[in-house]
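Please consider the sequence and the structure shown below. The paragraphs that follow lead from the strands to the helices and then to a pocket.

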Amino acid sequence: GVTVLARTKEAAAALSAAFRDGEPEKTYLALTARAPVPHEGRIDAPLGKDPARAGLRRVDPRGDPAATGYRTIRTGPGGALVEARPETGRTHQIRVHLAHLGAPLLGDARYGGPRRVGEVAIPRVMLHALRLEIAHPTTGARMTFEAQVPEDFAEVERALVPSPHRGV
């Protein structure tokens, strides 16, 4: 997925501040076991460490503020394609928020997502950093970066959430 790196100390400091302040707009694609309910919205649910499972997070009223906007793009016999736009940058935020809505990511066994749907094996967590929009650290000009959907993600999408227009 999309990654941005700084080439100078000054740019690194500016990027760090931008991410800390939540300035970048991030767009992810997720393949989920089912469509979230409701199909579109914003989840505002604080996240904290899961004391029962080391390294994992959970929705916790005493946790750090976390918000994710989302919309279901398409549903199919094996799941749903969901666009997620995290407004904060908490660890595992999208994974936890969508699982909290009853729509765990395919391949995400840690948060309740299946590793197989029928005959389709899910090779990894089906989450892709699609787009990042951020101000240039020096000029302030708006920049957009996009990363093509990887083939393994596309294969699972074709098998489980096919486009109704494919092949037309």
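In which sense do strand E1 and E6 pair, and over how many bridges? In this predicted model, strand E1 (residues 25-32) and E6 are antiparallel and are joined over five bridges. Within E6, the residue opposite Thr32 is Ala80. Strands of a sheet are held in pairs by backbone hydrogen bonds, and the pairing may be parallel or antiparallel.

E6 also pairs with strand E5 (residues 67-76); these two run antiparallel, and eight bridges join them. Here Tyr70 stands opposite Ala84 of E6. Two residues lie between E5 and E6, which form a hairpin. How much of strand E6 is buried? Of the eight residues of this strand (residues 79-86), seven are buried, where buried denotes under 20% relative accessible area; strand E6 is therefore largely enclosed by the rest of the structure.

E1 has a further partner in strand E9 (residues 127-135), to which it is paired in the antiparallel sense over six bridges. In this pair, Lys26 has Leu132 of E9 as its bridge partner.

The pairs described so far belong to an open sheet of six strands, whose order is E2-E5-E6-E1-E9-E10 and whose pairing is antiparallel. Strand E2 (40-44) and E10 are the edge strands, each pairing on one side only. On average, neighbouring strands of this sheet are turned by 20 degrees against each other, direction ignored. In a regular strand, side chains alternate between the two faces of the sheet.

Which helices pack on the sheet? Helix H2 (residues 93-100) does so, touching E1, E2, E5, E6 and E9, and the direction of H2 makes about 65 degrees with that of E5. Helix H3 (residues 151-160) also packs on the sheet, with contacts to E1, E5, E6 and E9; the direction of H3 makes about 50 degrees with that of E1.

The remaining topic is empty space. Rolling a probe the size of a water molecule over the atoms shows where such space is left. The largest pocket holds about 190 Å³ of space. It is lined by 13 residues, of which Ala6, Arg7, Ala11, His136 and Pro137 are the closest to its centre. Helix H1 (9-20) and strand E10 (142-146) are the elements that give two or more residues to this lining. H1 gives the most, with three residues. Sorted by class, the lining of the largest pocket comprises eight nonpolar, three polar and two charged residues.

Terms used
Residues numbered from 1 in each chain as written. Predicted model: local features only at pLDDT ≥ 70, side-chain atom pairs only at ≥ 80, totals over all residues. Heavy atoms only, no water. 1 Å grid on protein atoms, 1.4 Å probe; cavity = no way out; pocket = protein on both sides within 12 Å on 5 of 7 lines; lining within 4 Å. Points joined across faces, edges and corners; volume = space filled by probe spheres on them. Helix = DSSP H or I, 4+ residues; strand = E, 2+ residues; numbered from the N terminus. Nonpolar A, V, L, I, M, F, W, Y, C, P; charged D, E, K, R; others polar. Buried < 20%, exposed > 50% of the residue type's maximum accessible area, 1.4 Å probe, protein only. Pairing = 2+ DSSP bridges. Axes fitted to C-alpha atoms, helices over the stretch in contact; angles between N-to-C directions. Contact = heavy atoms within 4.5 Å.
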